[in-house]
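Have the structure open while you read.

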Amino acid sequence: MEFEKKLSVTETGIPGLLVFDLPVHNDNRGWFKENWQREKMTALGLPDFGPVQNNISYNSDRGVTRGIHAEPWDKFISIAEGEIFGAWVDLRPGEHFGKVFTTKLDPSRAIFVPRGVGNSFQTLADNTAYTYLVNAHWSLDQKKSYTFVNLADPQLGIKWPIPLDEAELSDADAHHPYLAQATPMSPRRTMVIGAKGQLGQGVKAYAEQHDLQGFDYTDFDSLDIADDGIFTRCNWDMYGTIINAAAFTAVDKAETTEGRKQAWKTNVQGVANLARIATEHRLTLIHISTDYVFDGTEQEHTEKEDFAPLGVYGQTKAAADVIVSNVPKHYIFRSSWIVGEGHNFVARMIDLANKVAAGDAVEVQAPNDQVGRLTFVSDLTKGIFTLLNNQAEYGTYNLTGSGKISSWYDIACQIFNYLGVDSSTIVANSVDAYAKQVHGSPRPHYCGLALNKIREAGFEPADWETLLARYVDEHR
């Protein structure tokens with residue numbers, strides 16, 4: 001063991017696998033070291049991995065050999081006494097699958113092992129104590145995610161200091177599959193909440209189209225986010241991402257006594273529960289916001305504009321944005337005028353246009369005093385996954401369709417024209433007059449969102465008029 005080294009970190013050929021040299025101070029009484037020091041080590045590049053459990057493996061004899069196991073958590077490994085030869089194998093899917101790193105560890109050296117990297121060691125001294133911090137609690141569900149590879153696989157080429165036929169190892173370790181038959185560690189799962197809504201359906205369609213694995217879909221029928229039971233109903237250590245596509249969006253109903261309660265319960269209390277889960281389990285929380293957090297006086301809203309909601313719905317969404325912004329790993333996507341599968345303005349206008357074309361006596365109205373851009377779920381979903389996959393900086397991003405800012409009336413006329421129906425039958429009305437008539441919520445007049453930030457993050461929103469023409473053609 002080397003004493004009085006400077007704390008330092010060395011990268012290995014396996015992404016995320018980091019070796020630390022630890023300062024060990026000694027005198028005539030023995031030695032002392034800071035085995036894990038969050039502030040100093042994270043400054044050197046150690047992920048702030050949030051350990052929840054400390055384990056020790058005591059090995060009485062030289063030659064005890066354990067592994068190779070890849071487990072569904074990160075671990076920080078150090079030696080309290082003795083010395084080991086360690087071998088680590090990347091068992092995550094991808095180009096580094098099967099890559100090997102070996103080194104010796106004693107009390108002056110430690111290693112950080114990311115989730116999915118197989119870990120094994122062989123003791124080089126009697127009475128070796130091997131200690132490790134992990135950032136998830138053991139459970140049967142977690143154990144089902146383990147993956148293994150054989151210690152003696154010639155493809156790995158591990159040169160064990162003590163030949164395996166002279167070492168002490170378990171029968172299970174001796175019979176694990178070779179790399180060619182090993183199962184790669186599956187990634188952490190993604191929980192999609194609000195799966196029956198327009199965005200939830202869009203996320204599912206995107207995942208299926210791109211053959212993305214590990215998605216679970218829930219709705220209020222199976223998982224009420226406002227219920228405190230959500231904390232124990234799922235094993236959240238199995239997840240890496242929550243996509244919250246659930247919200248109370250009945251803008252006018254939110255102004256009623258019961259609606260106000262429901263809006264705050266779902267949009268604020270429920271989001272607070274998700275934020276706590278995401279923080280405690282180090283998950284990425286993806287949350288959908290709205291232009292209704294603003295008063296609509298600015299002609300185009302940036303992500304930095306101060307909140308000034310006009311109604312209860314906007315107030316609850318603004319409160320949720322504040323809550324989510326405190327989650328260490330979060331994306332808030334602020335959108336407007338969402339169009340997907342289900343009830344929305346465009347679908348309603350297509351239906352009314354078809355009725356007008358059939359000669360039905362229907363009155364068609366659309367506001368001409370509220371302007372913005374449509375957001376199609378296909379584009380919104382693509383933007384979400386682009387930033388997620390690119391590991392873009394966490395924060396708030398405006399995400400709507402690109403192109404010109406138009407009124408609901410202008411959009412309704414376009415839909416009628418696409419279908420060859422006389423748009424002069426559409427009557428222009430006012431959102432202000434409508435709100436007074438139904439005792440509903442006041443609406444912001446200017447709903448356009450500036451898109452500079454998301455473009456800088458690498459996503460170019462599609463022109464909403466192009467997507468509108470396609471949507472009308474598919475749903476006519």
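Which residue lies over the face of Tyr132? It's Lys75, at 4.6 Å from the ring centre. Keep in mind that this is a predicted model. Another lysine does something of the kind: Lys204 lies over the face of Tyr217, at 5.4 Å from the ring centre.

Tyr217 also belongs to a cluster, where ring pairs link it with Tyr206, Phe215 and Phe385. Two of those names come back when you look at the helices: Tyr206 in α4 and Phe385 in α9 are among the residues where these helices meet. Helix α4 covers residues 198–209 and helix α9 covers residues 377–389. They pack at an angle of about 65 degrees, with their axes 9 Å apart, and the crossing is right-handed. Sorted by class, this contact has seven nonpolar, three polar and one charged residues.

Now for the rings themselves. The structure holds 22 aromatic pairs, and here are two of them:

| Pair | Centres apart | Angle of planes | Kind |
|---|---|---|---|
| Tyr146 and Phe148 | 6.3 Å | 65 degrees | edge-to-face |
| Tyr331 and Tyr397 | 6.4 Å | 45 degrees | tilted |

Terms used
Residues numbered from 1 in each chain as written. Predicted model: local features only at pLDDT ≥ 70, side-chain atom pairs only at ≥ 80, totals over all residues. Heavy atoms only, no water. Axes fitted to C-alpha atoms, helices over the stretch in contact; angles between N-to-C directions. Helix = DSSP H or I, 4+ residues; strand = E, 2+ residues; numbered from the N terminus. Left-handed = near helix turned anticlockwise from the far one by under 90°. Contact = heavy atoms within 4.5 Å. Nonpolar A, V, L, I, M, F, W, Y, C, P; charged D, E, K, R; others polar. Phe/Tyr/Trp six-rings, centres within 6.5 Å; stacked < 30°, edge-to-face > 60°. Lys NZ or Arg CZ within 6 Å of the ring centre and 35° of its normal.
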